[in-house]
Amino acid sequence: YVVEHARRARDRRREIEALQLLGAGIFWGPTPLSAGLPRVEAMLRDAGANKWLESWAIRPVVGFYAMQGRFEEARELLARARSILEELGLPLDIYTLAFWSGPLEVLAGDPAAAERELATGCEGLEASGETGWLSTMSSLHAEALYLLGRFEEAEAAVRLSRDASTRDDYNAQALWRPAEAKLLARRGQFDEAARLAREAVATIDRIDEVNHHANVRMGL
């Protein structure tokens, strides 16, 4: 509705802002891939001459392609988004590409590549003082480090995520908990691990990011 009303009012700025959020919402929310992918591909085609919008429209397409195993196509799109943002001089937006490149590489079976992507993103966000995105990205970094058996570094990433998370950021509050729970379980602290993992499930269930619902439950 926001996009439609913005178009009727010829408010291009508001339309672009809504489209940026809509694409991510289609991917992270309950829309199934079969319905969501055609929509976000159409949004990418319709981005037109607005390169910044194109760089954001690419992201949900990348996410869906990764879920389908279309890794090379997804990587090519991410390279396109990075090139656009470098040309526009938007480093903060570049760092957030790791939200898509990291999970892509995990699905592709390359946690080392995922860790590199997420480490670079986290370092950039932290240096920029951007804690909102950092709180979530650091939890993803912790999971990649855990997959690589780099447990002390994973614990540091969990602490960074936990310390950066605000109380009402249910996404970040949910995602650091499974990573810490698994680290606790490795030390034999099973009761505390189970408590944290169940807290994560209860927290993520407050929002409709169904992929994260699944990931958090897998952590438990």
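Biologist: What is the relative accessibility of Glu 117?
Modeller: Glu 117 has a relative accessibility of 28%, which counts as partly exposed. Buried means under 20% relative accessible area, exposed over 50%, and partly exposed in between, with a 1.4 Å probe and protein chains only. This is a predicted model, in which local features need pLDDT of at least 70 and side-chain atom pairs count only at pLDDT 80 or more, while totals for chains, interfaces and linings use all residues. Residues are numbered from 1 along each chain as its sequence is written, and side-chain values use heavy atoms, with hydrogens and water left out.

Biologist: Which residue forms a salt bridge with Glu 117?
Modeller: The partner is Arg 82, with the closest N and O atoms 3.8 Å apart. This pair links distant parts of the chain, 35 residues apart: Glu 117 lies in helix H8 (residues 111-128) and Arg 82 in helix H5 (residues 71-88). A salt bridge here is a side-chain nitrogen of Lys or Arg within 4 Å of a carboxyl oxygen of Asp or Glu. Helices (H or I, at least four residues) and strands (E, at least two) are DSSP runs, numbered from the N terminus.

Biologist: And Arg 82, what is its relative accessibility?
Modeller: Arg 82 is partly exposed, at 31% relative accessibility. Elsewhere, salt bridges with shared partners join Arg 177, Glu 192, Arg 195 and Glu 199 into one network.

Biologist: How many salt bridges are there in the whole structure?
Modeller: The search finds 19 salt bridges. One of them pairs Glu 54 with Lys 51, at 3.4 Å from N to O.

Biologist: Where do Glu 54 and Lys 51 lie?
Modeller: Both are in helix H4 (residues 51-68), three residues apart, which is about one turn of the helix. Glu 54 is buried, with a relative accessible area of 12%, whereas Lys 51 is partly exposed at 37%.

Biologist: What about Arg 13, which residue does it pair with?
Modeller: Arg 13 forms a salt bridge with Glu 17, and their closest N and O atoms are 2.8 Å apart. The two are separated by about one helical turn, because they are four residues apart in helix H2 (residues 12-28). Glu 17 is partly exposed, with a relative accessible area of 34%.

Biologist: Changing topic, how many residues of H11 are buried?
Modeller: 13 of its 17 residues are buried, so H11 is largely enclosed by the rest of the structure. Just after H11, Gly 188 takes a positive phi of about 85°.

Biologist: Where does Thr 136 lie?
Modeller: Thr 136 lies in helix H9 (residues 131-147). Thr 136 is buried, at 10% relative accessibility. Leaving aside neighbours within four places in sequence, Thr 136 is in contact (heavy atoms within 4.5 Å) with Phe 99, Asp 169, Asn 171, Ala 172 and Leu 175.

Biologist: Last topic, which element gives the most to the lining of the largest pocket?
Modeller: That is H7, with seven residues. A pocket is an open set of points on a 1 Å grid over the protein atoms alone where a 1.4 Å probe fits, with protein on both sides within 12 Å along at least five of seven lines; lining residues have an atom within 4 Å of a point.

Biologist: How much space lies in the largest pocket?
Modeller: About 720 Å³, counted as the space filled by probe spheres set on the points, which are joined across faces, edges and corners. Of the 27 lining residues, the closest to the centre are Pro 103, Val 106, Leu 140, His 212 and Asn 215.
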